[in-house]
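Take a look at the fold shown here.

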Amino acid sequence: MEFAAFAYRTGRGADKNPAEAEKWYRRSAERGSADGMFNLALLMSEGQPGQATQAEAFRLMERAASRGLLVAYYQLAKYSDIGHGTARNPAAGAQHLFDAVRKGSVASLTGFPRDSTGWKPSTEFVAALQRLLRDASVY
């Protein structure tokens with residue numbers, strides 16, 4: 001299902017059709033796929049194609065993370081830091097990123113300074129993350 005959704009989302013292998021991509025990602029998410037939840041949340045966050053809210057996207061991202069998709073923790077960190085779909089809470093964002101690192105995603109820690117979406121972590125986020133890392137004897 002994710003392959004069909006990806007094809008419709010990107011126009012690679014099918015005509016680009018965000019509504020069709022949403023349909024396929026939603027089917028995948030409803031069947032419990034963390035990847036489906038993650039990609040549907042990203043699609044919603046981009047404001048395509050339906051009237052989904054940022055809060056719905058945040059909840060889907062939480063479900064994807066709860067199923068072990070480490071990249072979802074990174075998105076939750078960013079969303080929490082900037083207040084996308086949830087109240088702005090840099091400390092909660094730092095906790096999400098720290099959880100990803102604890103679960104083995106070093107890429108989450110090394111990737112956030114070079115986020116391709118333009119996210120620049122707040123000073124509060126960075127300070128909270130440094131505290132978490134220091135307390136865990138990582139930093």
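Tyr74 and Trp119 are both buried. Keep in mind that this is a predicted model.

Their rings have centres 5.8 Å apart and planes at 80 degrees. An angle over 60 degrees counts as edge-to-face, so this pair is edge-to-face. The pair links distant parts of the chain. Tyr74 lies in helix α5 (residues 70–82). Trp119 lies in the loop between α7 (106–111) and α8 (123–135). The two residues are 45 residues apart.

The structure holds 2 aromatic pairs. Trp119 also pairs with Phe125: the ring centres are 5.2 Å apart and the planes stand at 80 degrees, so this pair is edge-to-face.

Phe125 has a relative accessible area of 0%.

## Helix α2

Helix α2 covers residues 18–30, which makes 13 residues. At 1.5 Å a residue, the helix should span 18 Å. Its end C-alpha atoms are 18 Å apart, so the model agrees with that value.

Which residues of α2 are buried? They are Glu20, Ala21, Glu22, Tyr25, Ser28 and Ala29. Their cover includes α1 (2–10), α3 (34–45) and α4 (54–66). Just after α2, Gly32 takes a positive phi of about 95 degrees.

## A charge over a ring

The charged end of Arg27 sits over the ring of Trp24. It lies 4.6 Å from the ring centre.

Methods: Residues numbered from 1 in each chain as written. Predicted model: local features only at pLDDT ≥ 70, side-chain atom pairs only at ≥ 80, totals over all residues. Heavy atoms only, no water. Phe/Tyr/Trp six-rings, centres within 6.5 Å; stacked < 30°, edge-to-face > 60°. Helix = DSSP H or I, 4+ residues; strand = E, 2+ residues; numbered from the N terminus. Buried < 20%, exposed > 50% of the residue type's maximum accessible area, 1.4 Å probe, protein only. Lys NZ or Arg CZ within 6 Å of the ring centre and 35° of its normal. Expected span 1.5 Å × (residues − 1). Contact = heavy atoms within 4.5 Å.
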